[in-house]
Amino acid sequence: MAHVMFVESDVDGDGVLHLRELIDVFREYDDVDNPDGIVTREEYVKYQTRHDPELDGLSHELYNVYDVNNDHRLTMDDYDGFYRQMDVDTDDSVTEPEFTTYWTKLFNSVKHHTNLIC
């Protein structure tokens, strides 16, 4: 699952997830009726559960992870902080091994909220 997420997020296909690509992923979560650049918990959970309501618990857990500064809204500060968590070697790029290692650990820590196979 982490590999698929990486491939889908690495839009330019260069094998590195850049911060701008991560920001583009989060833009999808911003409510189309109110595109203010801030992703609320409600907007995020609504987006994630639109096809599968059973993802509600997992969505809340992931929102908590993304909300790096704990201000109950996702903004550039959070995206940058979240990106830095994945960038283990601090070279301002997230490679697929860094990405998949991070997400595998994260999925294992929240798998009790879903039927994920990690």
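Start by selecting D24, which sits in helix 2. Helices here are DSSP runs of H or I with at least four residues, strands are runs of E with at least two, and both are numbered from the N terminus. What you have open is a predicted model, where local features need pLDDT of at least 70, side-chain atom pairs count only at pLDDT 80 or more, and totals for chains, interfaces and linings use all residues. Residues are numbered from 1 along each chain as its sequence is written, and side-chain values use heavy atoms, with hydrogens and water left out.

**Next stop: helix 2 and helix 5**

Select residues 19-27 for helix 2 and residues 76-86 for helix 5; their axes come within 10 Å and cross at roughly 125 degrees. The axes are lines fitted to C-alpha atoms, for helices over the stretch in contact, and angles run from 0 to 180 degrees between N-to-C directions. Helix 2 and helix 5 are therefore oblique to each other. (Under 35 degrees counts as roughly parallel, over 145 as roughly antiparallel, 65 to 115 as roughly perpendicular, and the rest as oblique.)

Show some side chains here. From helix 2, pick L19, L22, I23 and F26; from helix 5, pick M76, Y79, D80, F82, Y83 and M86, and you have the residues that make the contact. Contact means heavy atoms within 4.5 Å. Sorted by type, the residues of this contact give 9 nonpolar, no polar and 1 charged. (Ala, Val, Leu, Ile, Met, Phe, Trp, Tyr, Cys and Pro count as nonpolar, Asp, Glu, Lys and Arg as charged, and the others, Gly among them, as polar.)

**Zoom in on Y83**

Stay in helix 5, where Y83 has its place. Y83 counts as buried, because its relative accessibility is 1%.

**Over to helix 4 and helix 6**

Select residues 56-66 (helix 4) and 96-110 (helix 6): these axes come within 11 Å and cross at roughly 130 degrees. That makes helix 4 oblique to helix 6. On the helix 4 side, L58, E61, L62, V65 and Y66 meet Y102, W103, L106 and V110 of helix 6. The residues of this contact divide into 8 nonpolar, no polar and 1 charged.

Then select residues 41-49, helix 3, where E43, Y44, V45 and T49 are buried. Helix 4 is included in what covers those buried residues of helix 3.

**Zoom out**

How many helices and strands does the protein have? Count 6 helices and 2 strands, and follow them from the N terminus as α-β-α-α-α-α-β-α. The radius of gyration is 14 Å, close to the 13 Å from the globule rule for 118 residues, so the protein is as compact as a globular protein of that length. (This radius is taken over C-alpha atoms, and the rule is 2.2 Å times the number of residues to the power 0.38.) Of the 118 residues, 36% count as buried.

Terms used
Buried means under 20% relative accessible area, exposed over 50%, partly exposed in between (1.4 Å probe, protein chains only).
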